[in-house]
Amino acid sequence: EEAKKPKTGKGWIPSFKDYQDVYNDIAAILEDNDYDDGSYAPVLVRLGWHASGTYDKETKTGGSNGATMRFEPEAGHGANAGLVVARDILEKIRQKHPWITYSDLWTLAAVCAIQEMGGPIIPWRPGRTDKDVAACTPDGRLPDASKEHKHIREIFYRMGFNDQEIVALLGAHAIGRCHPDRSGFDGPWTFSPTYFTNSFYKILLETKWIYKKWKGPVQFVDQESGSLMMLPTDMALVKDKEFRKHVERYAADEKTFFDEFAAAFGKLLELGVPFEKDESFRFKRTTDDE
Ligand code: ZEM
């Protein structure tokens, strides 16, 4: 009987099963052999991060609540180049589940992507609402890869993170790659860009990095194969003593990285969201093969 009722209108409240259905539909479209390294998962993680990372704790503006990247000007901010790919594939999921807000959908997609790539379970709960174009954040709230530790701290402290959380979050660069037509940078950070592991830290510490000789922005390549890359901001994590401490901890112990990444990423997705229910109202996601 329940199932026959239309999933819309006042009074209808989605259940955990409804969110699990959305999760399963996202999981089913992640693989595509014609795209990048064969998966949309990394670009979905980047969408969830950029939708959330605009948060300013002083003014309580920005953050995942609102999904204002649907609109110009935010969609057109330089940092968001290429994320139209992620928004477009999620549009297909939204058409099948029109009751879910874009802001819940985009954050759930990032959670799904991380878990399906073998990463940790990320705490996630629904409750975001979409806002209109007036809530778009000003350009410049997301980090600039050409800068170093001072800039990284300014940006992430503004969101409310500490040094340990910053280093944990950056471990997401184990997945995905840089695209010259998006950011101007080029290449993946690891040899397994569709598997969520602690390899970002290991490679960062264990590799001899040299400046890439090219006309593009300053970036680093590994001397041995020339096929891996690091951004100036990534290199700042080993140059800065406080950051480096955590890089070494995460390189040595993937379990510690997974636990601390899950906590920091879960927090990122919730910045500025006025949830009606407390943290115990968490949706426990499963994967099809569990
Ligand atoms: Zn990234 N990131 N990021 N990042 N990022 C890129 C790609 C990806 C920075 C950055 O400038 C860039 C975090 C933090 C920071 C991902 C996740 C997270 C790219 C390449 C750049 C330039 C974009 C392109 O060309 O497509 C900087 C400066 C950061 C902080 C200092 C955090 C935090 C992340 C999540 C927790 C992911 C998954 C990608 C790969 C996207 C893809 O399409 O493959």
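Pro-73 is found in the loop between α2 and α3 (84-96); helices (H or I, at least four residues) and strands (E, at least two) are DSSP runs, numbered from the N terminus. The peptide bond that leads from Glu-72 to Pro-73 is cis, with omega near 10 degrees. Asp-36 is not a glycine, yet it has a positive phi of about 45 degrees. Most residues other than glycine have a negative phi, and most peptide bonds are trans.

The model is predicted: local features need pLDDT of at least 70, side-chain atom pairs count only at pLDDT 80 or more, and totals for chains, interfaces and linings use all residues. Residues are numbered from 1 along each chain as its sequence is written, and side-chain values use heavy atoms, with hydrogens and water left out.

The protein is divided into domain 1 (2-141 + 265-270) and domain 2 (149-263), with bounds that come from an automatic or database domain assignment. Their contact (heavy atoms within 4.5 Å) takes 30 residues from domain 1 and 22 residues from domain 2. Taken over C-alpha atoms, the centres of the two domains are 23 Å apart.

The size of an interface is often given as the accessible area lost when the parts come together. Here domain 1 and domain 2 bury about 2,200 Å² between them, 61% of it on carbon and sulfur atoms. Buried area is the accessible area (1.4 Å probe) that two parts lose on being put together, summed over both. On the side of domain 1, Asp-37, Met-117 and Lys-267 lose the most area to domain 2, together 26% of what that side buries.

Side chains of opposite charge can pair when their charged atoms come close. A salt bridge is a side-chain nitrogen of Lys or Arg within 4 Å of a carboxyl oxygen of Asp or Glu. The structure holds 15 salt bridges, and the rule finds two across the interface of domain 1 and domain 2. Asp-37 and Arg-177 meet through their side chains in a salt bridge (3.0 Å, N to O). Glu-270 and Arg-125 form another (2.9 Å, N to O). That pair links distant parts of the chain, 145 residues apart: Glu-270 is in helix α10, and Arg-125 is in the loop between α4 (102-116) and α5 (149-159).

Of the 25 residues around the ligand (a heavy atom within 4 Å), His-173, Gly-176, Arg-177, His-179 and Ser-183 come nearest. A backbone N or O atom of Arg-177 lies 3.0 Å from an oxygen atom of the ligand. In the side chain of Ser-183, an N or O atom is 2.6 Å from a ligand oxygen atom. For Trp-49, a side-chain N or O atom is 3.2 Å from a nitrogen atom of the ligand.

Notes:
A polar contact is a pair of N or O atoms within 3.5 Å; within protein, one must be able to donate a hydrogen and the other to accept it, and residues adjacent in sequence count only if both atoms are side-chain atoms.
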